[in-house]
Amino acid sequence: MNKKILSFIAIGLLFILFVAGCGSNANSSSPQGPEVQEKAEEEAFRVGLECGYPPFNWTQLDDSNGAVPIEGTQEYAGGYDVEIAKRIAEGLGKKLVIVKTEWTGLLPALTSGKIDAIIAGMSPTEERKQTIDFSDNYYKSDLVMVVKRGGKYENATSLKDFNGARITAQLNTFHYTVIDQIEGVVKQPAMDDFPAMRVALESDMIDGYVTERPEAISAEAANPNFKMIEFTDGFVTSDDDTAIAVGLAKGSPLREKINEILAGISEEERIRIMDEAIRNQPASE
Amino acid sequence: MNFEWIVKVITNYWPMFLRGAGMTLFISLLGTIFGFIIGLISGVIRSMPMPESGIKKAILKFVNIILSIYVEVFRGTPMIVQAMVIYYGSAQVLNINMNRLAAALLIVSINTGAYMAEIVRGGIVSIDKGQFEAAYAVGMNHIQTMTNVVLPQVIRNILPATGNEFVINIKDTSVLNVISVTELFFQTKTVAGNNFRFFEPFFVACVLYFIMTFTVTRILRFVERKLDGPENFTMIYNPMQI
């Protein structure tokens, strides 16, 4: 009896070792030895993004419209960010690897070296610049408000019209700080991501959320209950906020090269890529 | 609620939902098994009687302190924080590039292990002291007493609590998306973000989570009944008795 249980424990321990061994071998892109790691770093350009923020980035099931496989899954990533990432990887002469990462996990992933760059519609704010470096901008957008169609704020045209409205925006973004510019606004707690805010808006928890133009156009196109409000005399923002740039680790040697590559992408081409992304995003089917 | 959209979400994205559910089940199953083993080992060590001699006593005391620190720290901090600290911390501070899935399994295992250690300890304490005394009286040492007398009863008794841990793990793996593990919650969020539709994908995820947890609790109930054996049976067959 005793022997039986001992052998059971032994088998259990062997099983643990086996699984641990499998786990470390399964992912070829994060090898163990330092020599192997250096070699892999030379070849791969690892980019972190959410893959759930169309038209900047999204997830799809096939490789149509030039989508790139997401590491460790059987899905593919497409969108404006992915197109830019493809051009940068090509310019660097490296293989593009898409690492799907939650928004809050992007900065730690970059600073800990899990990824080489963040190309996820991230704005180069002063706060972020304290921990990471940014390339030159690869997109620039204006701020708009998304409200419910048929609701109280449907016909708003200026910031003043949102007096008394319950407004929110994404956590850790400048979208949230500009809300204070609306007089008499009832500022709601910041939310984690866009899906959460859209749920809140649809269920009348909030009256609107602050976002960028491409996201608002997509939201409006996909869900007829949403309406985008544009401002002629809108939020006062700094250039650093409305622009979007590639996030890089402090002192990254890639920065100059990436700036060179970005400079080679003309304004017309950027607009063309963005239009294509808005057209191709999953919800527009 | 829009029924057409639910059908659309399922037909367009069913592979993503299924892969996510598979990943969730894989991590929580292995995590619970490893956690169970960790809990058993730690429970056995923590219930050891203090030896009289100095060196052995010191070692056992030291191990006991380590185990209590482990239990208190991992029980007292949220799993999402542990995931962040272990996965990104190991890379940033110790320069170890951990595999994502391995890190997820490690986090769920040691987290479950901390809870299971207390559950097992409770199970051992609940066994009548007379049984220990009887086992020692017939000359069994602590390990023999545990494996032959105490643990078989403990495992049966803590099975419902283990089932609880398993169900909790299925739900709690949803926090692992911060270290890029594409489990069911992360996949659902992606589907929602892709379509600008929220209620429908999350409703599908809700049903999937419930199917998983319900199946698990039913299976464990069945195992419990099997372990209990038939209600009426002869305790011991004794050929000497006439």
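Ile80(B) is partly exposed, because 17 other C-beta atoms lie within 10 Å of its own. The scale behind that word runs on C-beta atoms placed from the backbone: a residue is buried with 20 or more others within 10 Å, exposed with 12 or fewer, and partly exposed in between. Ile80(B) sits in helix α3 of chain B. Leaving aside residues up to four places away in sequence, Ile80(B) touches Val175(B) and Val178(B). Contact here is a C-beta criterion: the two C-beta atoms, placed from the backbone, lie within 7 Å. Phe3(B) is 77 residues away along the chain, and its C-alpha atom is 34 Å from that of Ile80(B).

This is a predicted model, in which local features need pLDDT of at least 70 and side-chain atom pairs count only at pLDDT 80 or more, while totals for chains, interfaces and linings use all residues. Residues are numbered from 1 along each chain as its sequence is written, and chains are lettered from A and ligands numbered from 1 in the order in which they are written.

Now the interface. Chain B contributes 33 residues to the contact and chain A contributes 47. On the chain B side, the elements giving two or more residues are α1 (3-46), α3 (79-92), α4 (100-126), α6 (142-172) and α7 (184-195). Such elements are DSSP runs numbered from the N terminus: helices are H or I with at least four residues, strands are E with at least two. That side of chain B has 16 nonpolar, 13 polar and four charged residues. Here Ala, Val, Leu, Ile, Met, Phe, Trp, Tyr, Cys and Pro count as nonpolar, Asp, Glu, Lys and Arg as charged, and the others, Gly among them, as polar.

Two helix pairs in chain B deserve a look. The axes of α2 (residues 54-75) and α4 of chain B come within 8 Å and cross at roughly 115°. Axes are lines fitted to C-alpha atoms, for helices over the stretch in contact, and angles run from 0 to 180 degrees between N-to-C directions. The crossing of α2(B) past α4(B) is left-handed. Handedness is left if the near helix is turned anticlockwise from the far one by less than a right angle, and right if clockwise. From α2(B) come Leu67(B), Tyr70(B), Val71(B), Phe74(B) and Arg75(B); from α4(B) come Ile110(B), Asn111(B), Ala114(B), Tyr115(B), Ala117(B) and Glu118(B). By class that is eight nonpolar, one polar and two charged residues.

In the second pair, α5 (residues 129-137) of chain B packs on α6(B) at about 135°, with axes 10 Å apart. The angle therefore makes α5(B) oblique to α6(B). Angles under 35 degrees are roughly parallel, over 145 roughly antiparallel, 65 to 115 roughly perpendicular, and the rest oblique. This crossing is right-handed. Gln131(B), Phe132(B), Ala135(B) and Tyr136(B) of α5(B) meet Thr145(B), Val149(B) and Val150(B) of α6(B).

Chain A has eleven helices and 13 strands. Buried residues make up 42% of its 285 residues. Chain A divides into domain 1 (38-140 + 241-284) and domain 2 (143-229), with bounds from an automatic or database domain assignment. Their centres, taken over C-alpha atoms, are 26 Å apart. In the contact, 14 residues of domain 1 of chain A meet nine residues of domain 2 of chain A.

Which residues of helix α4 (residues 103-111) of chain A are buried? They are Trp103(A), Gly105(A), Leu106(A), Pro108(A), Ala109(A) and Leu110(A). These pack against β1 (44-49), β6 (117-118), β7 (132-140) and β13 (243-249) of chain A, together with α3 of chain B. After α4(A) comes Gly113(A), with a positive phi near 80°.

Lys100(A) is in strand β5 (residues 95-100) of chain A. Lys100(A) is buried, because 25 other C-beta atoms lie within 10 Å. Not counting residues up to four places away in sequence, Lys100(A) touches Cys51(A), Ile70(A), Thr73(A), Ser180(B) and Thr182(B).

Backbone exceptions come last. Most residues other than glycine have a negative phi, and most peptide bonds are trans. The bond from Pro54(A) to Pro55(A) is cis, with omega near 5°. Asp204(A), not a glycine, has a positive phi of about 65°. Asp204(A) counts as exposed because it has 10 C-beta neighbours inside 10 Å.
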